[in-house]
Amino acid sequence: MRYIILSDIHGNLEAMTAVLDRAKDLKPDGYICLGDIVGYGASPEEVVELVRELDPIAVMGNHDSAVLNDREAFAFNKQARDAVSWTRSHISEESRQYLRSLPLVRRLDSVLCVHASPSKPAEWGYLLSAAATVDQFTAFDEPVCLIGHSHCPLIVKMTEYGPTELKGPTEWLAADGRYIINVGSVGQPRDGDPRAAFGLLDLDDRVVTLLRVKYDVATARERIISAGLPALLGERLLNGS
Ligand code: ZN
C-alpha cells in the first residue's frame, strides 16, 4: 500500500489544491490525514470537503478540537483563538460533524497515526527534535508512528544509541526499525520553506519520501487578510515561518 500523508492543512485551499494535483500523479492507494484540517486559513469549509472526498484514515488535531470545544481554545495564542472563532462561523454543520467524528489515534497495518504525540495524544505536546522523541517510542508498538502538529518535517529512527534524526527527503525503513515521522504542514509550513509539505509512505517497498510543492502563497495570504483573519497568519505563509 502507498499512502499520501497530509497534515496541518489549516484551511489553506491554495496549498491543498496544489498538493492534491501532485498527489494524484503519484497514484496512491489511499490517504492519511493527521489533523488540523481547519484553523488559520480562509477556506475551512472547502478544505474539509476536499479531505472528506479523499476518504482518508484521519485523526483529530488540536485546532479541529478547538473549533468544536471552547475549552481547547483557551491554550491558544490570540491569533489562533481569533482564527478558531472565525472558523466556527464559516463551516457547515456537516463539516463540524465530520471533525467531531475524528478519533485522536488510528492504527493501520504497521502504522500508528496521531496528531501530536503517541504518549499523550490529548495533551498536544510538540516533538520538535529527535531528542524530544526519546520517551515516545515506548508509547506505541507499531514500527512506524506518523505525527503532525509542529509543522516541521522530521524523520527519527530509534537506534541502539537512542533516537537519531534522518535527513531525508527519501529514507528506507528497515524491516526491524522503528520510526517517528512528521511530513510537515500542507497549509502553514514553519521550517523556513514556504512550499506546501506532504509525504508518500510506501509500505510495500518500506520507503518514506518528504515532498514539497509550490503553491499560490500570495492568494492564500490575501484571502486570509480580506476575510478579516489576523494578518500575521497570512504574512507568515510568505516565508514559511
Ligand atoms: Zn497545526
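This is a predicted model: local features need pLDDT of at least 70, side-chain atom pairs count only at pLDDT 80 or more; totals for chains, interfaces and linings use all residues.
Me: Which residues make the contact of α2 with α6?

Reply: From α2 come E45, V48, V51 and R52, and from α6 come E94, S95, Y98 and L99. By class, this contact has four nonpolar, one polar and three charged residues.

Me: What puts the buried residues of α6 on one face of the helix?

Reply: The buried residues of α6 are S95, R96, Y98 and L99. Seen down the axis of α6, they fall within an arc of 160°, so they line one face of the helix. They pack against α2, β3 (57-58), α3 and α5.

Me: How do you know that the buried residues of α5 are on the same side?

Reply: In α5 (residues 78-88), the buried residues are A80, A83, V84, W86 and T87. The arc they cover around the axis is only 165°, which puts them on the same side of α5. What covers them includes α2, α3 (62-68), α4 (70-73) and α8 (231-239).

Me: Why does L173 count as buried?

Reply: Buried means under 20% relative accessible area. L173 has 4% relative accessibility, so it counts as buried. L173 is found in the loop between β9 (170-172) and β10 (179-182). Leaving aside neighbours within four places in sequence, L173 is in contact with V144, Y179, I181, L201, R206 and V208.

Me: How far apart are L173 and I37 in sequence and in space?

Reply: L173 and I37 are 136 residues apart in sequence, and their C-alpha atoms are 27 Å apart in space.

Me: What makes A130 count as buried?

Reply: The cut-off for buried is under 20% relative accessible area. The relative accessibility of A130 is 9%, and A130 therefore counts as buried. A130 is found in the loop between β5 (111-114) and β6 (144-147).

Me: Which residues does A130 touch, not counting those up to four places away in sequence?

Reply: A130 touches L154, V156, P163, T164 and E165. As for G162, A130 is 32 residues from G162 in sequence and 8.8 Å from G162 in space, C-alpha to C-alpha.

Conventions. Residues are numbered from 1 along each chain as its sequence is written. Side-chain values use heavy atoms; hydrogens and water are left out. Contact means heavy atoms within 4.5 Å. Helices (H or I, at least four residues) and strands (E, at least two) are DSSP runs, numbered from the N terminus. Ala, Val, Leu, Ile, Met, Phe, Trp, Tyr, Cys and Pro count as nonpolar, Asp, Glu, Lys and Arg as charged, and the others, Gly among them, as polar. Buried means under 20% relative accessible area, exposed over 50%, partly exposed in between (1.4 Å probe, protein chains only). The arc is that of the directions from the helix axis to the C-beta atoms.
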